[in-house]
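The following note sets out points for a colleague who is about to examine the structure. It moves from the chain as a whole to a single residue.

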Amino acid sequence: FLQMKFDKEGNTTYFEKKKTELYQELGLQARDLRFQHVMSIATRNNTIIMRMEFLKAVITPEFLLILDYRNLSLEHWLLNELSSQLAGEGQLVTYSLPFEFRAIEAILQYWISKLQGRLNTLQPQILETLEALVDPKLLSVDRSKLHILLQNGKSLSELETDVKVFKETILEILDEEEVIEELCLSKWTDPQVFEESTSGIDHAEEMELLLENYYRQAEDLLNEARELRVLIDDSESIVFINLDSHRNVMMRLNLQLTMGTFSVSLFGLIGVAFGMNLESSLEEDPRIFWLVTGIMFLGSGLIWRRLLSFLGRHLEPPLPPHVPAGLKKSQPAAGRVEIKTSLKGETFGLSRSTLTNQ
């Protein structure tokens, strides 16, 4: 293992050590450091083993080990923030507590800030893409925007999965009181440290409050991601509605042109009739050409206008009838009077029939 070791004062040392030597030094077994799970927090032999995907940490009451830290973003955090946080120069709230509290809070704070940073990066990109797609003036959808939205949606799904796993990992610990007590390593090395603090809350309860705090932060982060997912779904519905609206406009225009073609073709039969090689007395009159042409155009225009009015009556929804305000107020009262009258009539008829039968 390539290791980075932090003590209580924040001093850092780098070294490499074989796995077998590390097992013997920490009193662990080989399976304890296999890090099979993507995210887990476990206790073994008065040692806390944490795995946050690529972040592998071993916490003891005296020091913190980071294993296989060869990651650019991880090295930046280790060198610039973690050392100062463990030394008491950061913004942690567990400086008055034992060393393991500071180490756990520093790792949890790093991971929740990393998840928040991913959401802060995705959110403006998704909002900008949705704003471009939902524009009602666009007659078509930009495929490049859809491709960007697809990639961002996939990244958002991965973020939701990571937040859920982080939240479930903390929830598993909160459901087990014995595990929470085992996380307080100082209880086993120095029992006096585990006594009640000045605020009246013992260290086990403070560990529970610490985990609940990051559980709530993960829950808030998951709610923000879900709201963004709902916004994507709603915007997708709006895009489909806009496309359907434009498609309906094009279909209506196509129908109008079809009706115009039908009207012209119908009265074009007159020109076809006069264009045949048949002799009659009408072709000798020079005014017949203009007369027949005018009748054709006038008849075609009238039929097209008639078809358009028919289309408008059957496609446009009718307006709701206007009801006066006085009539609206009087309708419930009148309805109640009619109901009471009918009930009285039914009761009277029932009594009358009963008396007749008796």
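**Notes on the predicted model**

1. The protein chain exposes about 23,300 Å², and carbon and sulfur atoms supply 57% of that area. These values come from a predicted model. Of the 358 residues in the protein chain, 32% are buried.

2. The secondary structure consists of 9 helices and 6 strands. Among contacts in the protein chain with a separation of 6 or more, 63% link residues 24 or more positions apart.

3. The 6 strands form an open sheet, in the order β2-β1-β6-β5-β4-β3, with antiparallel pairing. Strands β2 (12-16) and β3 (39-43) are at the edges with a single partner strand each, so one side of each has no neighbour in the sheet. From one strand to the next, the twist averages 15°. As a general point, strands of a sheet pair through backbone hydrogen bonds, in either a parallel or an antiparallel manner.

4. Within this sheet, β5 (residues 55-59) and β6 (residues 63-67) run antiparallel and are joined by 4 bridges. Isoleucine 59 has leucine 64 in β6 as its bridge partner.

5. Which helices pack on the sheet? Helix α3 (residues 99-133) lies across β1 (2-7), β3, β4 (48-52), β5 and β6, and runs at about 5° to β4. Helix α4 (residues 143-174) also packs on the sheet, where it touches β3 and β4. The direction of α4 makes about 20° with that of β3.

6. Is leucine 64 buried or exposed? Its relative accessible area is 0%, and leucine 64 is therefore buried, the cut-off being under 20%.

7. The surroundings of leucine 64 can be listed by residue. Not counting residues up to four places away in sequence, leucine 64 touches Met4, Lys5, Phe6, Ala57, Val58, Ile59, Leu82, Leu86, Phe99, Ala103 and Ile107. Ile59, one of these residues, is also the bridge partner of leucine 64. Phenylalanine 99 is 35 residues away from leucine 64 in sequence, with a C-alpha to C-alpha distance of 9.0 Å.

8. A separate point concerns a database record. An unreviewed UniProt entry lists residues 204-238 as "coiled-coil region". In the model, this span is 100% helix and 0% strand, and its end C-alpha atoms lie 51 Å apart.

How values were computed: Residues numbered from 1 in each chain as written. Predicted model: local features only at pLDDT ≥ 70, side-chain atom pairs only at ≥ 80, totals over all residues. Heavy atoms only, no water. Helix = DSSP H or I, 4+ residues; strand = E, 2+ residues; numbered from the N terminus. Buried < 20%, exposed > 50% of the residue type's maximum accessible area, 1.4 Å probe, protein only. Contact = heavy atoms within 4.5 Å. Areas by Shrake-Rupley, 256 points an atom, 1.4 Å probe, with all protein chains shown as cover. UniProt positions renumbered as here; feature names shortened; annotations may be inferred. Pairing = 2+ DSSP bridges. Axes fitted to C-alpha atoms, helices over the stretch in contact; angles between N-to-C directions.
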